[in-house]
Amino acid sequence: MHPSTRVIRAGLPPVEQGAPFLPGPTFAAPYHLAGDPTTSSYTYGRFHNPTWTHFEAALAELEGGPALVFGSGMAAIASIFGAVLRPGDIAVLPADSYYTTRLIATGYFTQMGVQVRLAPTAGNAQIEHIKGAKLVWLETPTNPGLEVCEIATLVEAAHAEGALVAVDNTTPTALGQQPLVLGADYSVASDTKALTGHSDLLLGHVAARDAALLDPVRVWRTQIGAIPGPMEVWLAHRSLATLALRLERACANALALAAFLQRHPAVLSVRYPGLPDDPSHPIAARQMRHFGPVVSFTLADRTAAERFLASCHLISEATSFGGLHTMAERRARWGGDAVSEGFIRLSAGIEHVDDLLTDLEQGLNTLSAY
Ligand SMILES: *Cc1c(COP(=O)(O)O)cnc(C)c1O
């Protein structure tokens, strides 16, 4: 079955006469529970929820391994660090990962006695630092630099050293790339982005190669309480059915915008793994089903980037990506990433491509006078 078909029914319970396809959200703190708690699948709302169960079944189908949903992408990421890393352990992270991932590793987990090694994503450079590691963290493509590494190659090297491998799969989603199928132990994502795609909720998940690897992550979620609300999870499951449709349009738009940006004189450089001449393309084409909605490009400086963003009518200035609406931002306004002052991260939405190209062109043309 095609993944784009699978995603429409993923996680739905068997059809039943008179019942909805996707049951509504279950709002419960305690469940009625008389006597021995082991006789009930549902006991207390921090442990489990039927709305999570359906969505997690969907994620497991898409990822190829059992999954747990979390209240945000960072809650999911922290759960792997918390479940796997102990004082004295070595963790290898991308130097160009999502900023907050590096921040909790080099902040909190370093203070707790974990040794963190950072190396760039491009050129599989993390492979040189794996010796003696407990956990190798990958992010491919990276946010916001869109660098790519070869998951299977890094997994092989890490497993030879006895290390576990986790991949932040946020940018492509499980429909675009399956880290578990490529050998990784954990696939983790912020579902705030393209997976749910409507810019109306925060959510994350962890999927694991097997149930034994997921167990300590479940204990962490239950004890720390990094749980999502049932309404968010229900909205996420509802949004999942259109994932393939949304990505098809958004990725086609991203490619068209990237190709246009490459030809415009005001643009100094463009990155998109789907461009045939992008340095990420050869590896991306081997391990990804689509190249994601995110494009990055560089304008002359901060003034040019701010002027461009202010001139766009359709392209909204916002952080985050993977939503229905095309958005862009000057990434250096946050600090933390090694990007130039004129660097823009653009997330292609699902508008008609002609309207996006028109807006992009008029926005860039305001820079020619400058
Ligand atoms: C947004 C993002 C996160 C964090 O997700 P939240 O849902 O905001 O907590 C982690 N990794 C990547 C690659 C992201 O883009």
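## A guided look at strands, rings and domains

Guide: In this predicted model, strand β2 (residues 90-94) runs parallel to β4, and two bridges join them.

Visitor: What makes β2 and β4 count as paired?

Guide: Pairing calls for at least two bridges between the strands. β2 and β4 have two bridges, so they qualify as a pair. On β5 (residues 164-168), β4 has a parallel partner joined to it by five bridges, and there V136 stands opposite V165.

Visitor: Why is β4 called largely enclosed?

Guide: Five of the five residues in β4 (residues 135-139) are buried, so the rest of the structure largely encloses the strand. Both faces are covered, with L135, W137 and E139 buried on one side and V136 and L138 buried on the other.

Visitor: Let's turn to the rings. Why is the pair of F81 and F109 called edge-to-face?

Guide: The ring centres of F81 and F109 are 5.5 Å apart, and a pair needs centres within 6.5 Å. Their planes stand at 70°, and over 60 degrees counts as edge-to-face, so that is the name this pair gets. F81 belongs to helix α3 (residues 73-84) and F109 to helix α4 (residues 99-111), so the pair ties together parts that are 28 residues apart in sequence.

Visitor: What kind of pair do Y108 and F109 form?

Guide: Y108 and F109 are edge-to-face too, with 5.1 Å from centre to centre and 85° between the planes. F81, Y108, F109 and W137 form one aromatic cluster.

Visitor: What makes K193 count as a charge over the ring of Y98?

Guide: K193 lies over the face of Y98 at 5.3 Å from the ring centre, and the distance limit is within 6 Å. R221 likewise lies over the face of F70, at 5.9 Å from the ring centre.

Visitor: Where does R331 lie, and why is it called buried?

Guide: R331 lies in the loop between β11 and β12. Its relative accessible area is 7%, under the 20% limit, so R331 is buried. Among the residues that R331 touches are Y98, P144, D337 and R345.

Visitor: What makes β8 and β10 edge strands?

Guide: Five strands form an open sheet of mixed pairing, in the order β8-β9-β12-β11-β10. β8 (269-271) and β10 (316-317) each pair on one side only, and they are the edge strands. Helix α11 (residues 302-311) packs on this sheet, touching β9, β10, β11 and β12, and its direction makes about 155° with that of β11. β10 pairs in the parallel sense with β11 (residues 327-330) over two bridges, and S316 has M327 as its bridge partner in β11.

Visitor: How is the protein divided into domains?

Guide: Domain 1 covers 3-240 and domain 2 covers 244-365. Their centres, taken over C-alpha atoms, are 26 Å apart. The contact takes 37 residues from domain 1 and 32 residues from domain 2.

Key:
Residues are numbered from 1 along each chain as its sequence is written. This is a predicted model: local features need pLDDT of at least 70, side-chain atom pairs count only at pLDDT 80 or more; totals for chains, interfaces and linings use all residues. Side-chain values use heavy atoms; hydrogens and water are left out. Helices (H or I, at least four residues) and strands (E, at least two) are DSSP runs, numbered from the N terminus. Contact means heavy atoms within 4.5 Å. Axes are lines fitted to C-alpha atoms, for helices over the stretch in contact, and angles run from 0 to 180 degrees between N-to-C directions. Rings of Phe, Tyr and Trp (its six-membered ring) pair if their centres lie within 6.5 Å; planes under 30 degrees apart count as stacked, over 60 as edge-to-face and the rest as tilted. A charge sits over a ring if NZ of Lys or CZ of Arg is within 6 Å of the ring centre and within 35 degrees of the ring normal. Domain bounds come from an automatic or database domain assignment. Buried means under 20% relative accessible area, exposed over 50%, partly exposed in between (1.4 Å probe, protein chains only). Lists of a residue's contacts leave out its neighbours within four places in sequence.
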